[in-house]
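Subject: Handover of a structure

Dear colleague,

Please find below the structure that I am handing over to you.

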Amino acid sequence: MLLNLTPWILLFPFLGFLSIGLIGRALPKALITWIACGTVAISLLLAAADLWSMISVAPAQRLAVWYGWNWVTAGSFKVDFALINDPLTAIMLLVVTGVGFLIHVYSHGYMHDDPGFWRYFSYLNFFIFAMCLLVAADNYLFLLIGWAGVGLASYLLIGFWYTRPSAVAAARKAFVVNVIGDFGMMIAIFLLFEHFGTLAYGGILNRRIVTHTFAANSGVLIAITLLLFLAATAKSAQLPLHVWLPDAMEGPTPVSALIHAATMVTAGVYLVARSQVLYTQAPAALGVVAWIGGITAIFAASIGLVQNDIKRILAYSTISQLGYMFMAEGAYDYTAGMFHLMTHAFFKALLFLAAGSVIHAIGGEQDIRKMGGLWKKLPYTFWTFVVAGLAISAIFPFAGFFSKDEILTALLKAGLQYGTAYYALWAIGLITAGLTGFYIFRLIFVTFLGDYRGTAPGAAHIHDSSIHESPPVMIVPMLILAVLSIVGGWIFTPFSNLLAPQLAPAPVISLPPSLQGLSIGLSLLFAIGGIAVAWLMYGRQQWRAVVNRNPLYLLLFNKYYIDELYHTIIVQPVVKLGKAADTAIEGLTLDGGSRAIGWISARTSSTLRLLQTGYVRNYALAFLVGAVLVVLYYVARP
Amino acid sequence: MPPSAYLIVSAVLFTIGGVGVLIRRNPLVMFMAIELMLNAVNLSFMTFSRYLGSADGWVFVFLVLTVAAAEVVVGLAIIVSIFRTRHEVDVDELNSLQG
């Protein structure tokens, strides 16, 4: 029997957010953690139950809608608060609550000494609630509500240490860039309502309805799909709206792990997968999706090659891997994209948690040039980092190998079926795999091997310093994620059996084994090659400070100067416009207008006041003049 | 006698009274001028009453006379109280309500 426990899955984190938010300031830290982790744990169990109940049901019947109540009715515009349980939602809920739970537990250790402990867990629970609402919504309106909710949670958590100007600026930047996407989504929703008459998935995402309403590649449908993709681009940090994600590393590291690696940034991938019926009917838009994904993947990987902040390298890595997911979706293989979403959630969250463990151990330092030699002091962190690194580099038999190869295979299949442009994307995917291997192992070697180059409290020599491994509450979630990063890729067949009936738009051809073997072999070659180059450059010898004036290096190091470009082209004109408007509209019109009204009153009264002389005889004269005028009026009236 | 004669007298009296109110500075004299104006109006009312044969005229005169008497009483009381405090008889000096 198919369950739909989604309302409860949403309810518990929401209650956690409210209770901790309202009274958390007075509660002991242990209780806050129990409430926060407890609510997410309950949601996790319920999500697992939902998924389990789905397995025993036939594919065509895997849809259960929980109808809450009518949310708004305005004329013909009717939207209900309803939640669905279907394979896509069930898998997303499991990933969100599962990784979310592990990160909640880890956060207890990481944020333990922070005075804003209760605020942090309140926001984190709110995030889980909003993300679950996003993926479980039955219609585009509640998707948008969840979308905005996770944007809000992201803003609150990036700017968590709000006394830091850089954090506040980063939070603002994230929110402003995301609003661009929200705008796109809203216009798309307007268009959807106009053409489908409803916003519920049941009335839109049906192959028969879509093909009946729109011709293939019709202009309006391309507009809708591209606008939805604009929202996905903003939320999932693809080119050109990727600029907020590296800055978002100002937030606490568990936040980066949860929101900016595993869950929120995957909302864009979910959106495209959910709307696959629309995208399949607009192949031109799907081409845009694939190309932006591909270009972003290689672009971000290239920047990650030369960064020195441990979290920024991982941020660019996230952007790059999200590009892979969009490439898969653009190649009509939404299942592969979702699979990579899941495995990426495992190993990217692990990478961030391990990085957090390192940062926590050496007292807040994030620059890898000031690390080194940590592998003996932080063994668990080191080995989980290596596992995650192998997973992201797509080395057999780790999880990333299976998911990345599914994507590359999908690109080849699309090349055979839909056009040779996809071969170019396949090549981009291969090159990026090599870059991925390089940058992640550069990170590992520089951080953990060699001599310690930092100034952590303790002593000059690392053996005598007080650097020690993180507490179990942080290590155990990392270990769990490490296991998932190893075995997570082995479940592709059941995963595909669950999702493909919902997401696969057309009968997928199978690739001749020789081509598949070529793809797998080349991807392994590139990845191992990348790792080998990293070993040669960073593993074998000590890291040395070198002043590099190579123009290509500078271009990559400065992130292709895109932030500076946006600043000059967009930010400065807007700020100038704002200041001009402030002077003209605020200063002249509003201020001036209201002051002018006051001035008029004052002048009028000071003029009229001259009549009040206080002399009785003046007043008598006024009477007389008035009386005469009245009489004259009546005499002269015809 | 033609009614116009009486009316001209009434108009002249009214004008003299009006000018008197405006020019004289002693409050008692101003009151006298006001009484003059009122009685000039009384005269014209009576004239019309007689020459139109209507009773409305002299009934109104009664009212005006009554009101004039009451007004004089109140007015003189005010003037006396002002004189007691300020010892002024010049109306131009009473300008403290100046705006």
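**Findings**

P240(A) is found in the loop between α9 (219–235) and α10 (244–247) of chain A, where helices (H or I, at least four residues) and strands (E, at least two) are DSSP runs numbered from the N terminus. A cis peptide bond with omega of about -10° joins L239(A) to this proline, P240(A).

Before the remaining findings, two notes on conventions are needed. This is a predicted model, in which local features need pLDDT of at least 70 and side-chain atom pairs count only at pLDDT 80 or more, while totals for chains, interfaces and linings use all residues. Residues are numbered from 1 along each chain as its sequence is written, and chains are lettered from A and ligands numbered from 1 in the order in which they are written.

A cis peptide bond also runs from F396(A) to P397(A), with omega near 0°. P397(A) sits in the loop between α17 (379–392) and α18 (399–418) of chain A.

Two loop residues of chain A deserve a note on their backbone. Y332(A), in the loop between α15 (310–330) and α16, has phi near 70°, a positive value in a residue other than glycine. Y332(A) counts as buried because it has 26 C-beta neighbours inside 10 Å; a residue is buried if 20 or more other C-beta atoms lie within 10 Å of its own, exposed if 12 or fewer, and partly exposed in between, with C-beta atoms placed from the backbone. K559(A) lies in the loop between α23 (551–557) and α24, and its phi, near 55°, is likewise positive in a residue other than glycine. With 22 C-beta neighbours inside 10 Å, K559(A) counts as buried.

Helix α24 (residues 562–608) has 47 residues and reaches 64 Å from its first C-alpha to its last, close to the 69 Å expected at 1.5 Å a residue; the expected span is 1.5 Å times one less than the number of residues. α24(A) bends by about 40° at G592(A), the bend being the angle between axes fitted to the seven residues ending there and the seven starting there. Helix α4 (residues 117–136) of chain A, by contrast, is mostly covered, with 20 of its 20 residues buried.

The largest nonpolar core has 209 residues, of which C132(A), A349(A), L350(A) and L411(A) touch the most other members. Such a core is a set of buried Ala, Val, Leu, Ile, Met, Phe, Trp, Tyr and Cys residues joined through C-beta atoms within 7 Å. Helix α16 (residues 334–361) of chain A gives the most to this core, with 18 residues.

Chain B comes to three helices and zero strands. Its C-alpha atoms fill a box of roughly 50 × 25 × 25 Å, taken along the principal axes. Buried residues make up 11% of the 99 residues in chain B. T85(B) is in helix α3 (residues 56–86) of chain B and counts as exposed, with 7 C-beta neighbours inside 10 Å.

Finally, ten residues of chain A are in contact with eleven residues of chain B, contact meaning that the C-beta atoms, placed from the backbone, lie within 7 Å.

Yours sincerely

Terms used
Two residues are in contact if their C-beta atoms, placed from the backbone, lie within 7 Å.
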